[in-house]
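Me: I would like to learn how to read a multi-chain model carefully, taking one kind of feature at a time. Could you go through this one with me?

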Amino acid sequence: MGERVGIIGMGQTEHRFIRPDINHEEMINDAVRLALEDADLTIKDIDTVIIDNMDLFEGHYLADGMVVDGAGMYMKPGLKMNTGGTSGGTAVATGWHHVASGIFETVLVIGWQKQDASPSIAALATAREPLYDRGIAAGAVGIFASMGLSYMQETGCREEHAALARVIMADNARRNPYAHLKLDLTVEDVLKSRVLVWPVRLLHMSPTSCGACAMILSNEKRARKAARPPVWIRDLETVHREVSVFRGGCVEPQPAISAIEVAASKLYKRNGITRPARDIDVWELYTPSSWALFPWMELFSICDKGEAWRLVEKEAIRIEGEIPIEPSGGVVSTNPIGASGVIRVAETALQLRGEAGERQVTKKAETGIATAWGAGSWIVMFYLSKHS
Amino acid sequence: MAHRKPTKYPDMFHLITPSKRLNVLSKDPFVAEGRLAMPYRYFPGPVATRFFVELRDNKRIMGIKCPDCGTVYVPVETTCGKCFVKTEEWIEVGNEGVLESYTATHYTIPVQPTPAPVIYGLIKLDGADTDLLHLLGEVDPQVLRVGTRMEAVFREKREGNILDIEYFRPAGNH
Amino acid sequence: MNEELLEIIIPLDLKYKWSAGPHLGAFLRGLKEEKIIANRCPVCARLQLPPTPACGRCHIGMGEDWVELSHQGSVISYSSVVDPMFDAGIGGMRPVPYTIAAIVLDGGPDVAFFHKLEENNPEKVKVGMRVEAVFRPPEERKALMEDIIHFRTIG
């Protein structure tokens, strides 16, 4: 492996359904300024900028072109990333590659989305092949419904458990000043909310948020001199596969499954992680629906198959618990999609710095896993540590 | 650790029809027409809002100044790209300026505001350091010269966008 | 600073042409002839529906092994769409409710076909139920997915 890569600065905006008070460039600029301030750097210290958002959501071609000045890209090299839901993860991974290669010393990574600009679901549906399945594709809810249904049928999990998972994430979000939905929920509230695609209810799904998150990565030489204690991205893994569930000869129930398992097993093996629940202190999994939490926990080998709902029932995933998951409140609380993957990594790094404030996990946090999930059940997975 | 078994449909395997060589690939291209139609909303934010509201309500063109390098931006920028600092000081620039460059397009495409020929000019307004791209009117492109002083002609009915200025024309001839 | 915040609505309406390519093109032309065709990977033997030029897993060209599938099959998964959603393809709201199903057609056990069901009552849709494609009359077919109106419940 090449240069060691440290996270030395992070900043995120508030996240809301609608931001009439700010344009795209200004919102990005807010996050970039916060990250530079956090790292005690100026834009002159940045060698290159990697930026990402979901194409088409804001309705203009070359979205990064319009925001150059605010993003701090003026006269610098850089790249725009888009890999659907994993975009933010891909942007951080690209920043990592730029530093690890030894070519760049300091990289600014920016994820952003302004979901007040369009009916996002219509933009999302254009990911489908236009002649074969675009006419009937209907967003991402169905895949979580199918996950939830299979999970309940194969385990003892009931709707109450998914509702409890959602309540825990809402409780966490209320302790995170940056979270979008800071709901005070009970299991009954979740079970009473409107069914979208059974068993997925409205409260099980992530909101459409506007927001941005910026992060500064640097090589070891620079990170050792950083203003804040660096958090190291020790390793990462990306797995892609065919986009559509039912295209290309695929009747496996969940294509997500193999992608996550492949990524996790490779990453764990390389890093000597034999018991993830013991070896990893904090998890920021990209769970767009509370129903996804159960398969995710099992596919990332946090527990055995069929056991995730029991850990949720025991509330072991809480901030005070032995396996804290989504202490930020997760994607179900905050989802500016292009930023969500960057936020997962930033929130994990904040936990390892011990600076997560009211949402700081109780157990000693030295290692963490952050992920991004989306597109065709693609996965980007990061292993973070306090130690290089 | 136990792995979830993929769902199988063994009862259907006997139904597989034997493969046959169907001659189905055609050299004729298959092209379908599609449509991508969506309404988009853009919030220009408070700084750009003020720029457009001044055009609409007061027929004034406003610039904004970088506190570090002193560049006055028209149209307005909230961040000076060169200095990476926030611009905050509003400066009223003149409704007149100097033509820095111009051209005419002789084809019509839907995004152009008027049918061809469309005469475009870059105008550096008095007090501004950047060029404003806009339309030129009441001009003959054959005799137009870089350096000509131009003035803004405002529309009667203004809606708070850049076309509240109908076009720029040579100054003082009217 | 002024209280007013501008909001600008920018309608985007683009026409585009989509080249289906010979494999998907063959499938769509097949629909016009009331045929549902798939192709088979020469290495792993798995079917592709719609047909593709290459097998993503074996990284090999698919060759000329074409399979015609039955119009009948079994529902393996379904989704009832009840929330109105904006559809960029029609530039407006898509009519609801409708039910999407993944259907394993007889003759193609390892591929699922993705289409609408005639039955829109989620109470009456079951995994495993038998369905059959209902094609438009020949003169109305355009070599598009819409050449199949929906799948009706049988048996």
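Reply: What follows goes through sheets, cores, a helix and chain contacts in turn. This is a predicted model, in which local features need pLDDT of at least 70 and side-chain atom pairs count only at pLDDT 80 or more, while totals for chains, interfaces and linings use all residues. Residues are numbered from 1 along each chain as its sequence is written, and chains are lettered from A and ligands numbered from 1 in the order in which they are written.

Me: In what order do the nine strands of the open sheet in chain A lie?

Reply: Helices (H or I, at least four residues) and strands (E, at least two) are DSSP runs numbered from the N terminus, and two strands pair if DSSP finds at least two bridges between them. In chain A the order across the open sheet is β3-β2-β4-β7-β1-β8-β11-β10-β9, with mixed pairing. The edge strands, each pairing on one side only, are β3 (78–81) and β9 (282–284) of chain A. From one strand to the next the twist averages 25°, where axes are lines fitted to C-alpha atoms (for helices over the stretch in contact) and angles run from 0 to 180 degrees between N-to-C directions.

Me: How many bridges join β4 of chain A to β7 of chain A?

Reply: Nine bridges join β4 (residues 106–114) to β7 (residues 210–219) of chain A, and these strands run antiparallel; within that pairing, A:Leu108 has A:Ile216 as its bridge partner. Further along the sheet, β1(A) is joined by two bridges to the antiparallel strand β8 (residues 231–239) of chain A, with A:Trp232 as the partner of A:Gly6. Strand β8(A) is also joined, by seven bridges, to β11 (residues 378–385) of chain A, again running antiparallel, and there A:Asp235 stands opposite A:Tyr383.

Me: Which strands does helix α1 of chain A lie across?

Reply: Helix α1 (residues 24–39) of chain A lies across β1 (5–12), β4 and β7 of chain A, and runs at about 130° to β1(A). To follow packing at the level of residues, count two residues as in contact if their C-beta atoms, placed from the backbone, lie within 7 Å. Leaving aside residues up to four places away in sequence, A:Ala214 touches residues including A:Ala31, A:Val32, A:Leu34 and A:Ala35, as well as A:Leu108 and A:Val109.

Me: Which residues touch the most other members of the largest nonpolar core?

Reply: A residue is buried if 20 or more other C-beta atoms lie within 10 Å of its own, exposed if 12 or fewer, and partly exposed in between, with C-beta atoms placed from the backbone. A nonpolar core is a set of buried Ala, Val, Leu, Ile, Met, Phe, Trp, Tyr and Cys residues joined through C-beta atoms within 7 Å. The largest has 127 residues, and A:Val109, A:Ile110, A:Ala214, A:Met215, A:Val342 and A:Phe382 touch the most other members. Its largest share, nine residues, comes from helix α6 (residues 159–174) of chain A. Apart from this core lies another, of 50 residues, among them B:Val24, C:Phe27, C:Ile36 and C:Leu69.

Me: Why is helix α1(B) described as largely enclosed by the rest of the structure?

Reply: Ten of the 14 residues of α1(B) are buried, so the helix is largely enclosed by the rest of the structure. Among the buried residues are B:Phe51, B:Phe52 and B:Val53, and the buried residues of this helix pack against α1 of chain A together with β2 (61–65) and β11 (165–170) of chain B. Just after α1(B), B:Lys59 takes a positive phi of about 50°. As a whole, chain B has one helix and eleven strands, and 27% of its 174 residues count as buried.

Me: How many residues does the contact take from chain C and from chain B?

Reply: That contact takes 41 residues from chain C and 35 residues from chain B, and the largest share of the chain C side, twelve residues, comes from β1(C). The contact between chains C and A takes 36 residues from chain C and 27 residues from chain A, and here the largest share of the chain C side, five residues, comes from β7(C).

Me: Which strands form the open sheet of three in chain C?

Reply: The order is β3-β2-β6, with antiparallel pairing. Strand β2 (residues 36–40) of chain C pairs with β3(C) over two bridges, and C:Asn39 stands opposite C:Gln48 in β3(C).
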